Amino acid sequence: MTEMTVIAASGAALPQEPFLGRHLIGGTWRQSLSAKTFDRHSPAHGVLASRSALGAREDAEAAIRAARASFDSGNWSRISGKARATVLLKAADLIEANADRIALIETLESGKPITQARGEAAGAADLWRYAASLARTMHGDSHNTLGPDMLGVVVKEPIGVVSIITPWNFAFWILGQKLPFALAAGCSCVVKPSEMTPSSTVIMGELLIEAGLPAGVVNIVLGYGPDVGGTMTTAPEVDMVTFTGSTAVGKSISAAASATLKKVALELGGKNPQVIFPDADMESAADAVTFGVYFNAGECCNSGSRIIVHEDVADDLITRVVALSRKVAFGDPLDPATQVGAIITPQHLGKIDSYVREAEKAGAEVALGGARLSVPGLSGDFYQPTVVRGVTPGMAIAREEVFGPVLSVLTFQTMEEALALTNDDAYGLSAGVWSENVHTCLEFSRRAQAGTVWTNTWMDGFPELTFGGMKQSGQGREIGPYGLDEFLEVKTLVMRIGKTRAPWVRQG
Ligand code: NDP
């Protein structure tokens, strides 16, 4: 019997009534034209968390028309950066004032721990504030060296109507990586949250109305990907699609959007390695590895699910990580002591387990966990902290996103081997290096094919620092100044000063 830290049902009050979500279209909250709804039950408690309007093609089309009309009217696209920043700053204040409400529904719908959900709401407020600073400081450039009679000015303009499609793993946070930046640029938007976690996006819509955002600038449609999301990626009135989710759906969105040549920005999966050299601070590395794999139950594009450790220190690291894993508090997401909550759906739990079973069959060894976790007093879906060693590069568990609390351990002997293992992957989202030698860290960081490389840390992020993936982890960047640029068109103005141009047509 494996000892683990399990937090039993806390007895925290569960909602008597579900959160009721409707579409926001042209400044009005609406049911679906079909009047249909869909339900989301808490994956940890089984309680009915929300009942939402079930959108279809015609609801998405109405939202797109509202966004197009708002953009073309200039009610947001042509106002000053100062006026936009004022609304974004007010929205940030309102997020903070409503953080508990946002966190509770996010926890009920996603199964993530309540303390983490509160932290994400606070972090999202910071993203809105940072985007407000960009709304006031963005600018193009001027060319004063083209000759005495010429002036060139390059201006930046909002790209237009943007479709925003978000996943369930960080519903409110990922909305904050996209929406305030699109708004800072002056775009009008249609947002579709995942059907698993629709409600925090609905709350954001309420807060934006309270903050004074003009009607039609942000529209929200609830429902499923193929109907609502499909319309948002093909409608000719949409200029850009920004999507976070699986690589498979990202590819299908890119293909669908190509018919109208929309700009597409994609944040997709990752199989992110942390590479541990023998001179690393093993205590810090083991703690970061443990955090990296269990944070958000591993349902995280940045999950550090692939450890590549030097052979000389592999046993030491695995012993440390297994010991730390036993101390991580898994269980009732509503208990503030819980660090890891429930898995999003029973189907997803089955998928996680099948990766572990397949790796075992292929010769890997399960050093810890590897099964469903039972939490006293809760019938929901939980998975044990799991460490799998003896993984070889060809195994699916080493190459594919497991999206669960499952660590795969591979080993290396030389820097070249560590880099080959790191880069021999379709993904390129993030990577980490652990060593006390600055040359080792710099060489690895420069040669790793990843959008972010962490050195002696894992998953630290800041609104100022851009984020995104190489290879099949995506295209385009989010947050930071580059995140704003995604939502901007660049236009060149070429101006002659005075009547100095020699006529092209010969006179006389
Ligand atoms: P998806 O990629 O399927 O969903 C993400 C969003 O896209 C959801 O809002 C979804 O709608 C929508 N969507 C689905 N199909 C289409 C479509 N054809 N056109 C437009 N939008 C669409 O992720 P899942 O939630 O289904 O998760 C599946 C797997 O993806 C996970 O197990 C995990 O491995 C990975 N994943 C990776 C994430 C990351 O951050 N890298 C985030 C989430 C998942 P809806 O689901 O409501 O129908």
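This is a predicted model: local features need pLDDT of at least 70, side-chain atom pairs count only at pLDDT 80 or more; totals for chains, interfaces and linings use all residues.
**Notebook: strands, domains and one threonine**

Started with strand β13, residues 263-267: four of its five residues are buried, so the strand is largely enclosed by the rest of the structure.

Next I looked for the pairing partner of β13. I found β12, residues 240-244, which pairs with β13 in the parallel sense over five bridges. Which residue of β13 is the bridge partner of T244? I looked it up, and E267 it is.

Then I moved on to the open sheet. I count three strands here, in the order β2-β6-β5, and the pairing is mixed. β2 (19-21) and β5 (37-41) form the edges, each pairing on one side only.

I took a second look at β5 and β6. Strand β6 covers residues 48-53, runs antiparallel to β5 and is joined to β5 by five bridges. Across this pair I noted R40, which stands opposite S50 in β6.

What packs on this sheet? I wrote down helix α6 (residues 199-211), which touches β2 and β6, its direction making about 70° with that of β2. I also wrote down helix α3, residues 99-110, which lies across β2, β5 and β6 and runs at about 95° to β6.

Zoomed out to the domains. The domain assignment gives me domain 1 as 13-268 + 473-492 and domain 2 as 273-455. Their centres, taken over C-alpha atoms, are separated by 31 Å. I find 26 residues from domain 1 and 29 residues from domain 2 in the contact.

How much area is buried between domain 1 and domain 2? I get about 2000 Å², and carbon and sulfur atoms give 62% of that. I looked for salt bridges across the interface of domain 1 and domain 2 as well, and the rule finds zero.

Last stop was T440, which I located in helix α14, residues 438-447. Is T440 buried or exposed? I have its relative accessibility at 16%, and the cut-off for buried is under 20%, so T440 counts as buried. I then listed what T440 touches, leaving aside its neighbours within four places in sequence: F277, M415 and S435.

To close the page, I jotted down two reminders. β13 is largely enclosed, with four of its five residues buried. The interface of domain 1 and domain 2 has zero salt bridges by the rule.

Methods. Residues are numbered from 1 along each chain as its sequence is written. Side-chain values use heavy atoms; hydrogens and water are left out. Helices (H or I, at least four residues) and strands (E, at least two) are DSSP runs, numbered from the N terminus. Buried means under 20% relative accessible area, exposed over 50%, partly exposed in between (1.4 Å probe, protein chains only). Contact means heavy atoms within 4.5 Å. Two strands pair if DSSP finds at least two bridges between them. Axes are lines fitted to C-alpha atoms, for helices over the stretch in contact, and angles run from 0 to 180 degrees between N-to-C directions. Domain bounds come from an automatic or database domain assignment. Buried area is the accessible area (1.4 Å probe) that two parts lose on being put together, summed over both. A salt bridge is a side-chain nitrogen of Lys or Arg within 4 Å of a carboxyl oxygen of Asp or Glu.
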